[in-house]
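Hi there,

Here is the structure I promised to pass on to you. Have a look at it first, and then read on for what I found.

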Amino acid sequence: MSATHQPPPWASEIKALTFDVFGTCVAWREKIASALASATEAKLSSAPSSASESATSSSSSGTPPSEQVLSRARSLTGDDWARFAAEWRKAYSDFTRGFVPGQTPWRDTDTFHHDALLELLSKWQLDGLFTRSETEKLALTWHHLPPWPDTIQGLQLLGSRYQVAALTNGNQASLKDLNSQKGVDGSSPLGFQRLLSCDLYGAYKPNSKVYQSALKDLGLKPEQVAMVAAHLGDLRAAKDNGFRAIYVGRPGELDFDSSEDQIKEAKEWADLWIEENEGGMVEVARRLGIKADINSDDVAGVLG
């Protein structure tokens, strides 16, 4: 349906929108869990089935996984890999929240994802399942996450009126790859006009340095920028730095890092609140007074 909405008074003051990316613009759960499961299946299918084959494999490609590790890998289900993926994501969230510029040793997104993957494999009793090159490849899966179904259309609509900029805890390499991700029809990429990543600032959200540095790069005042995210910690920090705050609900993201009391309070201080299945980024455009064609069939599920 074609719909418009009476925008809030502050919408006319906004010059740019900054977007969280992981979880807000792209979906990580299914892709990460699937990549882990597929890599494990490939490893199991190529595992030696005899002592002689094991010796040959060892001489040609290093020490193969032990039978104990292979047995452990065979026991894991799709639900297990979903939990593994969630732990991987939480490890990064905990790291970025605890990062103190000038005190915490710097690690970029790719380095942290690889280090955390190795730690989780050990925790899950899967040491040695993958080679170094295989774990490095798996860590880069975070560069190739699919957009939510409304993301591309929503960014196009919003970009017709505002400057749209990614503001992410990812690095430039991951952000450039993600910005090229296309929808299921293979048409348009995400299309952010500016790529602001935390490796440019030597800090991670929700540290104030990130938001202040982004304002400087955009050449705008805080009241001229709105932060769009599915995570209340990000939005609260942006709000504390003078940004407007637009919440966009995504499956699992709100419960992932917020309590019921925090959610209740956030509905009071957030400038816009878009629930799950209300249209995501397209609904943000509509609420800001941009004419949008909304098809409910297009906002259910994840683009592959």
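Thr-40 is buried, with a relative accessible area of 3%. That counts as buried because the cut-off is under 20% relative accessible area. You will find Thr-40 in helix H1, which covers residues 29–45. Which residues does Thr-40 touch, leaving aside its neighbours within four places in sequence? Its contacts are Ala-73, Trp-81, Leu-129 and Phe-130.

Please keep in mind that this is a predicted model. The pLDDT of the protein chain averages 90, and 88% of the residues score at least 70. Residues 50–60 have a pLDDT below 50, and in the model this stretch makes 8 contacts beyond near neighbours in sequence. The pLDDT is also below 50 over residues 296–304, a stretch with 23 contacts beyond near neighbours in sequence.

Now for the whole chain. Of its 304 residues, 51% are buried, and Thr-40 is one of the buried residues. If you colour the chain by secondary structure, look for 13 helices and 8 strands.

Enjoy exploring, and write back with any questions!

Best wishes

Methods:
Residues numbered from 1 in each chain as written. Predicted model: local features only at pLDDT ≥ 70, side-chain atom pairs only at ≥ 80, totals over all residues. Heavy atoms only, no water. pLDDT = per-residue confidence, 0-100. Contact = heavy atoms within 4.5 Å. Helix = DSSP H or I, 4+ residues; strand = E, 2+ residues; numbered from the N terminus. Buried < 20%, exposed > 50% of the residue type's maximum accessible area, 1.4 Å probe, protein only.
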